Amino acid sequence: MAISRLGFLSLLLLVLLRAFASLPTQAAARGGSDSSGIDNGKHGAFSRILLEDNPEITEEMTRGYMSNSELENAIQGFGNKCSNVSRIYSIGRSVNGSPLWVIEVSDKPGQKEAEPAFKFIGNVHGDEPVGREVLMQLAYWLCDNYLKDPLATLIVENMHLHILPTMNPDGFALRRRGNANNIDLNRDFPDQFFPINDEISFRQPETRAIINWIKQEHFTASASLHGGALVANYPWDGSRDKRKQYYGCPDDKTFRYMASVYSQSHYNMSLSKEFKGGITNGALWYPIYGGMQDWNYIHGGCFELTLEISDLKWPKASELLVIWEQNKMSMLNLVASLVKTGVHGRIFASDSGRPIPGSLMVKGIDSKISASRTLGDYHRMLTPGETYEVVASMEGFRPRSTRIVLEQEAMNLDFILDPDGQKKPLHNDCGCHCDDDVGGKPFLIRESHLWLYLLVLFVLLALYLLSKRRRTASKLAAHRIPLKRPVAV
């Protein structure tokens, strides 16, 4: 049956509207029952409300600390001095427009390598500035000691270290915990237990910058630096029933190992009388929701610790070098643990020999990490001295597993996967399937292609209007009374 131009365009418009309706929405936080992102009051006590601000921070307290402009100059100066082992880049801006500068330290900065990546984040809370100063000391120490000190050389040559000295420059300038909108950035991430912060438009620009950063980089592990206590904190940060209790994540044993690496390398953290061994599970200490630590682990496969590195939030500037010396070996040993232990390797396809972005599971641990999309490399943190069964898999391939005994040193383990004989879905650069059929809807259109369909729709509508105008003009011409020409006499 023939379809008119108007009917065809209506059908096309219906298809596009259905495609829009089929686009995947933002996933609800794990364990949440309401994905609206609007606080219904049930969890309002802990959703986005700040703790009480500390007493006023005086000029005397801030004397000797770098201002935001001085910190920016120090970062750029570091880039100029240590350009052979670093690059400087920004992941976004704060509410008031301050760039969020990152220092990458590596012998091949900016290049994709089959190496693990670690990130340090300081100054999450504006009134906890010690991390800013300590992270700059760390960067300069690595630059000055590369090829001189074995630990510095190991880190620079075998991994990529990313350092964000301040996540909250506006809060620092305002001398308060929250950012310029007075939001606690460590309560602003999507939460796994309760549907807070699910609406992206409600998140702060600093939070969005971190989320996008984690999606772009393939981080293996991470740590954020805080003040007000002396302890290494690990997931989970909250519990499903909101009670103060030990609530371990699937990789609880590995996290305790990582936290102990930091605590036992510290001057006196492991001697704590409040926290056994100088480490604590977050939910046991005090539960929080919307924290950055849990989000990293769930959504980025990144093993993050929350490090409280100073009993005082704003100690005298004269004490900063002492605090750096007390934390130096802890920071270095934690970063170096990425290459000193764990399981590392790449995943290849047997038919093409090319690396593939498969995933890695360890039997008995309900946690999956993904290999990188470009090189197929994975880096799995595990507690040494244990036996593990490691499984590599990817859609379209037969999984392969092997049993290993992980000693005190790292193990290299590559996987070669055979195709399963079925049609393999195509993958784009975002890692999504190009031939997905979500919910039985065949008209799913990916966001990256929307502009093309909109352009086609626009052209078709323009052609339809032009055709309609021509038909109207033809009808008018047919009914027009011809003018009488003068007859020559």
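Me: Is the crossing in which H5 passes H11 left-handed or right-handed?
Reply: H5 passes H11 in a left-handed crossing. A crossing is called left-handed if the near helix is turned anticlockwise from the far one by less than a right angle, and right-handed if clockwise. Helices (H or I, at least four residues) and strands (E, at least two) are DSSP runs, numbered from the N terminus. This is a predicted model, in which local features need pLDDT of at least 70 and side-chain atom pairs count only at pLDDT 80 or more, while totals for chains, interfaces and linings use all residues. Residues are numbered from 1 along each chain as its sequence is written, and side-chain values use heavy atoms, with hydrogens and water left out.

Me: At what angle do H5 and H11 pack?
Reply: Helix H5 (residues 150-158) and H11 pack at about 50°, and their axes are 10 Å apart. Axes are lines fitted to C-alpha atoms, for helices over the stretch in contact, and angles run from 0 to 180 degrees between N-to-C directions. H5 is therefore oblique to H11; angles under 35 degrees count as roughly parallel, over 145 as roughly antiparallel, 65 to 115 as roughly perpendicular, and the rest as oblique.

Me: Changing topic: which residues touch the most other members of the largest nonpolar core?
Reply: Phe 118, Phe 120 and Leu 138 do, in a core of 83 residues. A nonpolar core is a set of buried Ala, Val, Leu, Ile, Met, Phe, Trp, Tyr and Cys residues joined through side-chain atoms within 4.5 Å. Buried means under 20% relative accessible area, exposed over 50%, and partly exposed in between (1.4 Å probe, protein chains only).

Me: Which helix gives the largest share of this core?
Reply: Helix H11 (residues 320-340) does, with 10 residues. The core lies between domain 1 (63-338) and domain 2 (343-419), because both give residues to it. The domain bounds come from an automatic or database domain assignment.

Me: What does Leu 138 touch?
Reply: Leaving out residues up to four places away in sequence, Leu 138 touches Phe 120, Leu 161, Ile 163, Trp 324, Met 331 and Leu 332.

Me: Where is Arg 243 placed?
Reply: Arg 243 is in the loop between strand S6 (229-234) and H8. Arg 243 counts as partly exposed because its relative accessibility is 47%. Leaving out residues up to four places away in sequence, Arg 243 touches Ala 283 and Pro 287. Arg 243 and Ala 283 are 40 residues apart along the chain, yet their C-alpha atoms are separated by 7.9 Å.

Me: Is Gln 264 buried or exposed?
Reply: Gln 264, in helix H8, is exposed, with a relative accessible area of 61%.

Me: How many helices and strands has the protein?
Reply: The protein has 12 helices and 16 strands. Of its 489 residues, 48% count as buried.

How values were computed
Contact = heavy atoms within 4.5 Å.
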